[in-house]
Structure formats: C-alpha cells, structure tokens
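Subject: Structure for your review

Hello,

Here is the structure I said I would pass on, with notes on what turned up in it. Please look at the chain first and then read on.

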Amino acid sequence: MAILTKDEAKKIIDKVLSYSKADELSANLTGGRIGNIRYARNAVSTSGEGTNLSLSVTAAFGKRSGTATINEFDDASLEKTVRRAEEIARLAPENPEYMPMLGPQTYLAADPYAQSTANIDPAYRSQATFDSIDPCRKKNLTAAGYMEDSTRFTAIGNTKGLSAYNRETSVEFSITVRTADGTGSGYSTRDVTDVSKLSTKDATEIAMQKALASTNARALEPGKYTVILEPAALLANVDASLMAAMMNSLDARNAEEGRSFLSKKGGGTRLGEKLFDERVTIYSDPTNAEVPAAAFGGGGGGGRLGGGGSDGRPQEKVTWIEKGVVKNMSYSRYWADKKGVKAIPPPANFIMAGGTESLADMIKSTEKGILVTRFWYIRAVDPQTLLYTGLTRDGTFYIENGQIKFPVKNFRFNESPIIMLNNLETLGKPVRLGGNLIPPLKIRDFTFTSLSDAV
C-alpha cells in the first residue's frame, strides 16, 4: 500500500481535486518504505522497517492559502481534508508572495528507481552487515556501521491541470572501523540507486586499511598545506559539507538581498563573474544515469503545491558554474516573477566535472601534502564568504615524494569552498556520494588552524 502506482496515485488525487470549492486546490501524495540496520562493536544494535503513506492538500482563495494533511484514504476522509484545507485558507492572512499554481508541465524522462533496491528485505540487510562485520572480527578490528534503504513515490496534481509522478530508490551505507587499542580509525561510505552496485565488504575493506594504517599518529604543526581531499571530505557528512554548503547557496534572492557569497558589494549579484579556477564546472541533470533524480521539484517559497513541498516545476539540465564562471542561480517562482526571469528550481543533484586520475595517481604526483579521508563537525563561520570550520577524522596521512609516509593527528580547519576551488592543483575521477558526482581534489594552501586529539 505504501508504494502506489502512477494510476493508483492519480485516482486518489483526481478524487481529492473533485471535492474542491477553492479558487485553486493541489494535492501531494507521498509514500514509501524505509529499512535500516545499525551495528556497533561488531554486533547489530538496531534494525527496522517502516512504511508511510500521506496526503497533503493545499487550498487557495486569492492570496490566502491553507494546508491539511491526512493518512486515511476513504472518500469521507479525503473530502474532510479538502474542507479543512479550505477552512484554514479562508482564515489565513493574505500572502503577498503567493503565486498561482502551475498548469500542465513537461518533464524529462528521469528514472531514479531500481527494482533490486525495492526488493531489499531483512535477510539482505543481515547479509550485508555480516559482510562488513566478519572481516573486521577476523582482524581484531571493531566495526560500527549503518545502512538505510528506501523506496518511495511522490504524486502531485492540482486544479490547474498539473499532474506528475515519480518513484525512486536509494541505499546509503557508512562504516567506521577502529583498531583494538582505539588509536586507529578508518571510514568509508557509499550510496547507490541500484543496490546490486553496492558491496559492503569492499567498502569495509577500505575502512579497515585506513584504521590499521592510522595508528600511532604523529603531530604536525598547523598551517597551510597541500591537501588531497577524498570525496567523503567534500560532501558526505551528517552535519554539513563544504560542497553542499556552496551548492545550497545559489539562491538568487539571498544574493540580491546581500546574504550570500554571490552578493556584490553595493548591490547586485556576481552572476557571470569568474569566481573559481577555470577547471571548475558544476551542473545538474536528473537524467544522469549514475545519479538519477526526480524530474520535478521546486519549493523555495512562492510556489504552492502542497504544504511547502514541490511546486511541480520541471528539473532540467542546468549549468551552475562553467569554467569557473557563475552561470545560473536558483529562483523561487515569486522572485523570478518579480525580476522577470525564468524560475529555476534548486538542483535535485549536482555533477562536478573532474579528471581521469585515481586517488592513487594523485598521491603519486604529490611531493608533500596531507591526505584527508573526511571532515567532521563542520560549522559555518561566515555565510557571506562561506567560511567554515571543522575537523579531520578517521584517517589523516602525511604524503611525501608520492607515498603515504605516516598517519598524522587530526586538525581543525578554517576554509571556504570558494577559496578552495581557486587553489586547485588536480581534480580526480568523480564518484557518487549523496546522490551527486564529486571528484577527489588536490588543493594548495589549505588552512589547518590547530591540532585535535580526537582519533
């Protein structure tokens, strides 16, 4: 029941829309199944699986709108939800930034769904976990990991004739391995649409190697170093990440109102300016076979199609940065209308162009530098320069004459992705992380400000 077909979802939405007495009415129907398994100290600690199906209805009278949600789908409950949304809309104050709902749209043929992932069951999760824990036990290492798989759909429709449906799957896996004495730690992470492309054993092997190699770390003086940042250092993090922070700061309104790194002193934006190394090109494309994404999105204020979620705008291939030049910014429908430009939704994924070198090639070509597995506990310092601070973790190594010489103690860093992408030495081959493609980067003059005793 949680995963409805396109026809099943449309039948419910059409019924909801038929009850409308509002000027405009939209329905957003979502559902899915999420499974997970977590382990620590080489033993499973939690596992579970849940399903959910939810309907959000937004009614509008002029510039007044209201939203009601429900997870019951009999006719009486559906009509009751419409009446409630209309009642809220009548009582709500006018929203001066309200935009009329969109009519029919044309969407790209994106396909972020894999049946192999939809078929995941508890037995699969158990085997994937065993494949991770068993090699650690055999080498007297301790594993802590988490795997989450999801299968979900979104269907939207409104009284203006807009109708769209998307179903997608994903699996995220991360593993931290510690040595028995607690002085060595390694990390690895993966995410896929199709679970047949995931090997928890291979990912764990990398974390094991890093853990064993990172014992007895030596202290280096903080300062500016050439660094090789693995993709997990750039993107995957539970708190924040440098590249995601930059990509989330492409909103045109924030830039034009002076709250962004794209704000120009004295007013205006830096759209069209060359702000990065000319090798930096970043675009989004929901049809990319390696990182497929939903073909519709939006939100960001001003649009309306169900409780502040997707407003139904098509996701297209958009080049955000080309050869170091800022080529596009995202616009809410309200702000785009105010400025007389196209309303480009925020990206559903991003793809950063890289090179052909492997991580090993990048290490071989480094005279002196530091290899960073990942960053941790990243916090914003200055949103207008995108200055962030955080810590290295789970495998930091000194490189000399093309070889990893010894592990080093972790550092605190102060750095901005804007400065970082101007100090590029080399870009490696992009890999998938967090539904995006990101290459490892070699960067000169990366700023480490102090040492950390954390492993």
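Is Leu386 buried or exposed? The model is a predicted one, and in it Leu386 has a relative accessible area of 1%. A residue counts as buried under 20%, so Leu386 is buried. Leu386 sits in the loop that links strand E14 (368–382) to strand E15 (387–400). Its backbone stands out as well: phi of Leu386 is near 55°, a positive value in a residue other than glycine.

Asn140 also has a positive phi, of about 60°, and is not a glycine. Asn140 belongs to the loop between H4 and strand E4 (142–158). Its relative accessibility is 56%. The cut-off for exposed is over 50%, so Asn140 counts as exposed.

Next, the helix pairs.

Helix H1 (residues 6–18) packs with helix H2 (residues 75–91) at an angle of about 55°, and their axes are 9 Å apart. H1 and H2 are therefore oblique to each other. Their crossing is right-handed. On the H1 side the contact is made by Ile12, Lys15 and Val16, and on the H2 side by Asp75, Leu78 and Val82. Sorted by type, the residues of this contact are 4 nonpolar, no polar and 2 charged.

Helix H4 (residues 122–138) and helix H5 (residues 200–213) form another packed pair, with an angle of about 30° and axes 8 Å apart. Angles under 35 degrees count as roughly parallel, so H4 is roughly parallel to H5. The crossing of H4 and H5 is right-handed. From H4, the residues Ala128, Asp131, Ser132, Pro135 and Cys136 meet Thr200, Lys201, Thr204 and Met208 of H5. The contact of H4 with H5 comprises 4 nonpolar, 3 polar and 2 charged residues.

In soluble globular proteins, nonpolar side chains tend to be buried together. Here the largest nonpolar core has 59 residues, and those with the most contacts inside it are Leu229, Met243, Met246 and Phe276. Helix H7 (residues 242–247) supplies the largest share of this core, 5 residues. A second, separate core has 25 residues, including Ala9, Val16, Ala68 and Phe73. Val16 is also one of the H1 residues in the contact with H2.

What does Phe276 touch, not counting residues up to four places away in sequence? The list is Met246, Phe261, Ile321, Gly324, Val326, Ile418, Leu421 and Asn422.

Last, Leu262. This residue is in the loop between helix H8 (252–256) and strand E8 (282–284). Leu262 is buried, because its relative accessible area is 0%. Leaving aside neighbours within four places in sequence, Leu262 is in contact with Ser249, Leu250, Ala255, Gly268, Thr269, Arg270, Leu275, Val326 and Met329. Val326 is also on the list for Phe276. For Leu262 and Leu275, the separation is 13 residues in sequence and 9.3 Å in space, C-alpha to C-alpha.

Regards

Methods: Residues are numbered from 1 along each chain as its sequence is written. This is a predicted model: local features need pLDDT of at least 70, side-chain atom pairs count only at pLDDT 80 or more; totals for chains, interfaces and linings use all residues. Side-chain values use heavy atoms; hydrogens and water are left out. Axes are lines fitted to C-alpha atoms, for helices over the stretch in contact, and angles run from 0 to 180 degrees between N-to-C directions. Helices (H or I, at least four residues) and strands (E, at least two) are DSSP runs, numbered from the N terminus. Angles under 35 degrees count as roughly parallel, over 145 as roughly antiparallel, 65 to 115 as roughly perpendicular and the rest as oblique. A crossing is left-handed if the near helix is turned anticlockwise from the far one by less than a right angle, and right-handed if clockwise. Contact means heavy atoms within 4.5 Å. Ala, Val, Leu, Ile, Met, Phe, Trp, Tyr, Cys and Pro count as nonpolar, Asp, Glu, Lys and Arg as charged, and the others, Gly among them, as polar. A nonpolar core is a set of buried Ala, Val, Leu, Ile, Met, Phe, Trp, Tyr and Cys residues joined through side-chain atoms within 4.5 Å. Buried means under 20% relative accessible area, exposed over 50%, partly exposed in between (1.4 Å probe, protein chains only).
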